[in-house]
Amino acid sequence: MSTAPDALSAAAAVTQPDSSGHFGPYGGRFVPEALMAALDELEQAYAEARSDAAFGAELAGLHHTYTGRPSPLTDATRLSEHAGGARILLKREDLNHTGSHKINNVLGQALLTRRMGKPRVIAETGAGQHGVATATAAALLGLECCVYMGEEDTVRQALNVARMRLLGAEVVPVCTGSRTLKDAINEAMRDWVSTVDTTHYLLGTVAGPHPFPVMVRDFHAIIGQETRGQVMELTGRLPDAIAACVGGGSNAIGIFHEFIGDESVGLYGFEAAGDGVSSGRHAATLVAGSPGVLHGARSYLLQDADGQTAVTHSISAGLDYPGVGPEHAWLKDSGRAVYAGVTDAEAMEAFRLLCRTEGIIPAIESAHAVYGAMQLGRRLGPDAVIVVNLSGRGDKDVDTAARWFAVLGDLDAPADVTAGPPGEQM
Amino acid sequence: MIAAAFARARAEDRAALIGYLPAGFPSATGCVRALRAMVEAGVDIVEIGLPYSDPLMDGPTIQAAVDQALAAGTGTREVLATVGEVARCGVPVLVMTYWNPVERYGVERFAIELAGVGGAGVITPDLTPEEGGPWLAACSHAGLDPVLLVAPSSTDARLARITAVCRGFVYAASTMGVTGARATVSAVAPGLVARVREVSDLPVAVGLGVSSGGQAAEVASYADGVISGSAFVRVLLEAPDGDSGVQAVADLAAELAAGVRRADPRA
Ligand SMILES: Cc1ncc(COP(=O)(O)O)c(C=O)c1O
């Protein structure tokens, strides 16, 4: 439809929320009144920044000279052999500075923080990638930075804790609730309620109260915009399918957004099915959840009969979240995007395959999308072109993967492993 | 019923005292005992928290209590049962609940069943008037008083909009922050109460941080109601056993009740 590098292109217009941030019945603002003024201020500042060419130019400059954008599109020819012959293209967000797509949104919001005159940013982080990106941008722009991280995640992503501290951020382990991402968000919100005059909450995904879902999406929309040009150049046509992993949903919406108006392009989101959706130990919110309100917006969530948030499980900290962005809920209900679960074992199978066939160690989050794309390829056949959003690199996951595959004993096991090793993985 | 409680306090030229505990804390029966002891010691209105897994507005003290209540299996039905038992002592009872459990239970159903067990109103700390339409209709239908919060950061326009949909009273969050006892009560609360009075005739109750008789007296000098929660939770968390916990709650309630009676009469 449109190639305009702007989120308000014709394609994008079909998914603009209403003026109070609703995507159909989803989204909105369910927050303490104390935060309403700050959300209004943010909405206003973002609207002004969007129409300010200087803001756009500064962000584009950082993307180019700091992040390393545009990120390449890699033709994964050897992986394609394992995907029914379908042509798999990898959008290499893993090559961005700091190692994931998260930096796209962080630089945008960090510039906005400076514009609002606030000297401090806070963030939640699960895998640590958003925390690292935020600590990075804070160092770059001279902002004070505090990152909340579930205690369980500080253990499984210890390398990223070290990174954040090296970058000058304070990392606060969160010991409440399930000690993972959702509790880190609670703690960041509590901080924000008391510090809102001086602090911007640099939320790391397309969840939360309006304007976060639309603003974070817009900052990530560059992924899809670049992808369109790159796929056209490489193949001369639009892809048949786009695959992305979905935790809160930011990398997925970032690559989907540009293509929503292109009906021939199938949009597929892959959630963490953990030990399997039927096991109850998973984080497949759209696949197995129900509508409700969590962290300031209505969307799908994993909850019990009383509306208490469920405890989730995924091998990947970045997908281990019981909520999901409201626009995904809307895309699911409308049928425009399709969501499916990928288990820990399936994701690790794809992780291994990508390492061995393409020489790329992906983030375990992204490996969920790789697995999904392989399944899609087998279904769509050898003529299909499938783009995978490779949202991050696997440096942070080397320890988890080494344990999973017991590599210190048996790195040379065949690459067609279809199930993880028995017993404990963590 | 809530309006009547404020009117009674006003007739005695004092502020009303509102005491909070989460349902199921320290146990299902312990909570009812403690709340009854509060009422006997001078609490005018009771606020019962619906334990929720993600209490964004609560500090560590109430979080700890809520975790304990949830671990003991306190669900929405148990909360309604607790409301019923406490309402039987003739005091107005409000439920304080985050929004999702209400939506999950069914907005209409929650309002009707709460009114059915004798509940008088509901405080919803994360529901704004913008999102509150169906809830306000359900409350009106069931005869419940919806109480929304105002904050120091609320603009005058928002104060008007929020107070227009409140019934019973307006809950003024005294500080920008979460629940928890504080050494000093906020300096911004009097200004907030004054701004609410510009736009609303409803009683204004101030919460967040009141934990002593002196603080209660201070707040009572400018507000119509004094809300205390974390302080009650703390004495229960620190009590060695159930009986001494109930006694400590009664002692604190008596101190706060004396506080709201000591305040200078308002102009
Ligand atoms: C590499 C990577 N991919 C994906 C995610 C999931 O987030 P989202 O669904 O917002 O893209 C994370 C989150 O930490 C991540 O680090």
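## Around the ligand

The shell around the ligand holds eleven polar, five nonpolar and two charged residues (Ala, Val, Leu, Ile, Met, Phe, Trp, Tyr, Cys and Pro count as nonpolar, Asp, Glu, Lys and Arg as charged, and the others, Gly among them, as polar). This is a predicted model, in which local features need pLDDT of at least 70, side-chain atom pairs count only at pLDDT 80 or more, and totals for chains, interfaces and linings use all residues. Side-chain values rest on heavy atoms, without hydrogens and water.

In total, 18 residues surround the ligand, with Thr205(A), Gly247(A), Gly249(A), Ser250(A) and Ser391(A) the closest (a residue counts if one of its heavy atoms lies within 4 Å).

## Polar contacts

Here, pairs of N or O atoms within 3.5 Å count. Ser391(A) places a polar side-chain atom 2.7 Å from a nitrogen atom of the ligand. Oxygen atoms of the ligand also take part: one is 2.8 Å from a side-chain N or O atom of Asn251(A), and one lies 3.0 Å from a polar side-chain atom of His101(A).

## The ligand's cavity

The ligand takes up the space of the largest cavity (a set of points on a 1 Å grid over the protein atoms alone, where a 1.4 Å probe fits but cannot get out; lining residues have an atom within 4 Å of a point). More than half of a molecule's atoms must lie within 2 Å of the grid points for it to sit there.

Of the 30 lining residues, those nearest the centre are His101(A), Lys102(A), Gly204(A), Gly318(A) and Glu365(A). By class, the lining has 18 polar, eight nonpolar and four charged residues.

Definitions and conventions
Residues are numbered from 1 along each chain as its sequence is written. Chains are lettered from A and ligands numbered from 1 in the order in which they are written. A polar contact is a pair of N or O atoms within 3.5 Å; within protein, one must be able to donate a hydrogen and the other to accept it, and residues adjacent in sequence count only if both atoms are side-chain atoms. On a 1 Å grid over the protein atoms alone, a cavity is a set of points where a 1.4 Å probe fits but cannot get out, and a pocket is an open set with protein on both sides within 12 Å along at least five of seven lines; lining residues have an atom within 4 Å of a point.
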